[in-house]
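Trainee: I have a two-chain model to go through. Can we take its cavities and its interface by question and answer?

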Amino acid sequence: MELTQPHSHNPASEIARQKRAEVVGGGHSFGSMTDKIAAIVLTSKTPIGWFAGFGLAFTLMALGLGSIGALLFLGTGVWGVNVPVGWGFAIINFVWWIGIGHAGTLISAILLLLRQQWRMSISRFAEAMTLFAVACALLFPILHTGRPWLAAYWLLPYPNTMALMPQFRSPLLWDVFAVSTYGTVSLLFWYVGLIPDFGNLRDKAKGFARYIYGFLSLGWRGSAIHWHRYETASLLLAGLATPLVLSVHTVVSFDFSVSVIPGWHATIFPPYFVAGAIYSGFAMVLTIAIPLRKFYGLEDFITMRHLQNMAKVMLATGLIVAYGYAMEAFYGWYSANQYERYMIWNRMTGPYWWAYAALIFCNGLMPQTLWFKKLRSNVSFLFFMSIIVNIGMWLERFVIVVTSLHRDFLPSSWGMYVPTVFDWALFVGTIGLFSTLLFLFIRFLPMIAIFEMRTILPATKEPSPEGTAVQS
Amino acid sequence: MTAYTPTPEVAAYLDSKRQRALIIGVLGLAACAAGFFMDSAQFYRSWLVAFIFWFGIALGGLAITMLNHVTGGAWGVMARRITESAAGNLPLMAVFFLPVVFGMQSLYEWTHADVVAKDPILQQKAPYLNTTFFYIRAAIYFGIWLFLLRLVRGWSLAQDREGAEPYHTRLQRVSAGGLLLYVLTLSFASTDWLMSLEPHWFSTIYGIMMLGSQGVTVFALIILTLTGLLRFKPISEIVTSVHLHDLGKLQFAFVMLWAYFNFSQYLIIWSGNLAEEVPWYVNRTQGGWQIIAVGLLFLNFIVPFAVLLSRNVKRNPGRVRPVVTLLFVMQIIYIFWLAAPAFSHGGPPHFSVHWLDLAAQLGVGGIFMWMFYSQLKSQPLLPQHEPYLEEAIHHGRHH
């Protein structure tokens, strides 16, 4: 009996090798790659396109600030919420943004533990995206309190002379803990990951920037002990962040499901919200990655393999989400409860039928195109799909929130929800805030983890086929 | 004969396992037959629980095989023949489903016209919960599963004989669609066979809960079988602690998912406190059942969770076997806890175990394991021409 030796060139393994496209293209060396990524930050010439994009993003953010101004001056009456739809755009947008953040954590934590090397070039900006999305999300509940300067006083439990405590059985309070933990861990993860690159930039930068990067690099010298501690910290943070991928959106789903409102009270909500969050998060990563790699010429680092893998994750999570819709509809009927049955019927055929139909189109039908490799390899199509999924996931939250509330148990308390211009302006404003932060990030911080990418260069793994020495 | 065909020592080991399983199975079935004439209603109940559990291993085996074709990973290459052999019992489970069909009148109250006539909710559910449609659905489920099994197993064995392509690509393609069909059919099948024992009750996460349970059981079976084979060549030269570590992590992940799904359902139903939903938990947390419920929490989650956190336990065959054995047994008790409280039929919940519960598990399980080992023996222990085999072997030798 003979055993196959590793790396013997039998035809079966050749197939395996062909199926594994490289995660770095273009024959880069350590030096050329570092220069390419660092140059985006260290250049003195900011591209004109950056100013155009930043200007647009900043304008949208200003619109949002205007809406916040009106809200604080006039009160929450400027929003479209009223009885029976007491939760409108604020919760819809909160959940939408929180969901988007999930891709960053999944890529950084779970894919790190699973040793998936393709995560490396997208992890840095996906983590940044997570942080910015959490920032946008947090605006909504805080503003929803009406007096945001008192929000901490209402939201956080602390011993006080009035013996008042928040309701610990309320998932809204769990949200405070879940989201703040999530924000903190994401920030730490992102920052710890940046430290070696800050050290790198400090050594390359000139003038004042050198001091800034030097300050941020926390004395990083790249010694063996630094790397050892760095590796340990990364693994620990990854372990801590992994449950957060599940827990945050689970708690968000509890906001709805622990109530008794038909359309909200469904046991499938936790896993289906988590899948939806990852689905929308990967869509947003694609929305950002595709233009970035084009404008900055990063096709060697964010390769087709990355885009295709993300498309596959979108397909898988999209199917789970569609399964959730199917189960909600089936058990809505199977329950034989008149309110449940009416809710699902009203969702499909009631005044908001268009939202449900568009939702099924965006999240049920369109992802099926990703079964085809031809479409998964088409960059323009993937960008289009990522926008469709972003819209679809926003519609999902709209449908869940509005159609479940607007027909109350008694027909006398039925109503319609129409978002006002202030609702829209605030929503658009958070997109502006998100984009503004993203533009600043791209300009001032390395958007791809330089040191991590070095570890997956072919030069690091084995001697090149010609037997030449490893380049430095 | 290929490089991985079981050696005489492995064949002898598997034969001794087969023989033992067959004896247990025949004795168990004989006891079931006797029990059927003594108390047919109890026989059907016990049989249903045993059927659901062992069927879960067969279907879960198919699902995990397909999952590995889609995702890749060294763990699945090492486990391939084990999960395929488990899935190969699906035709057997189709035969073992027949007592459930014959016992429908006894098991499911919605089959009684007089009960339905008095119950407006059951009348509304009648387009779904009726005997004819139940038969049709079961036929569709088994049709889909057996068709998928034929493709997945047939192509895998063809790959052994003829080389990787075109079978490797075909397997990847059919598995992606197959997983989708698996989740859908499992959801409806568990609604039909288990959830409808309490026909007023419903829960949208139920299918996913069953999925989590199957995942726990199948990984326990993989680890138990693989560590058993570790004494023999060629497995002893190929499967290393690295592979066990990977399998242990997946076992750990499924333990957490199982707990997550069950906790989600519990919290949402407890918090809603609706008259149509809480009876399900009332029946399962009173009258003695609370001991099982708390036992499940500790022995199916907290203890295995804590123990499996250790890297050392996951990598050491002698240490991981007790944990996964515990998980395997607890999953039997979990299925029992899901099904049996429903038989109190509106009376106060009362915990009881009948000797037929044990006999049915031994009968169904004995025959299941006999056929499982027979299939394992009849084919190469590793997929010979699998493109990722070399990489999977290599993976075990480094790190």
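Trainee: Which element gives the most to the lining of the largest cavity?
Mentor: Remember that this is a predicted model. Two elements give two or more residues to that lining, α11 (304–334) and α12 (338–349) of chain A. The one that gives the most, with four residues, is α11(A).

Trainee: What volume does the largest cavity have?
Mentor: The search covers the whole structure and finds five cavities of 30 Å³ or more. The largest of them has a volume of about 140 Å³.

Trainee: Now the interface. How much area do chain B and chain A bury between them?
Mentor: Start with the contacts: 61 residues of chain B touch 45 residues of chain A. Carbon and sulfur atoms carry 65% of the buried area. The area buried between the two chains is about 4,400 Å².

Trainee: Which three residues supply more than any other three of the area that chain B buries against chain A?
Mentor: Their share is 18% of what chain B buries against chain A. The three are B:Thr204, B:Ile268 and B:Glu390.

Trainee: How many salt bridges cross the interface?
Mentor: Polar contacts do cross it: 13 residue pairs, both at pLDDT 80 or more. Charged residues are present too, since the side of chain B that touches chain A has eleven of them, along with 31 nonpolar and 19 polar. Yet the number of salt bridges that the rule finds across the interface is zero.

Trainee: Which element gives the most to the side of chain B that touches chain A?
Mentor: Six chain B helices each supply at least two residues: α8 (120–125), α10 (167–193), α11 (206–229), α12 (235–238), α13 (241–272) and α19 (389–397). The one that gives the most, with 13 residues, is α13(B).

How values were computed
Residues numbered from 1 in each chain as written. Chains lettered and ligands numbered in written order. Predicted model: local features only at pLDDT ≥ 70, side-chain atom pairs only at ≥ 80, totals over all residues. Heavy atoms only, no water. Contact = heavy atoms within 4.5 Å. Buried area = accessible area lost by both parts, 1.4 Å probe. Salt bridge = Lys/Arg side-chain N within 4 Å of Asp/Glu carboxyl O. Polar contact = N/O pair within 3.5 Å; in protein donor to acceptor, adjacent residues only side chain to side chain. 1 Å grid on protein atoms, 1.4 Å probe; cavity = no way out; pocket = protein on both sides within 12 Å on 5 of 7 lines; lining within 4 Å. Points joined across faces, edges and corners; volume = space filled by probe spheres on them.
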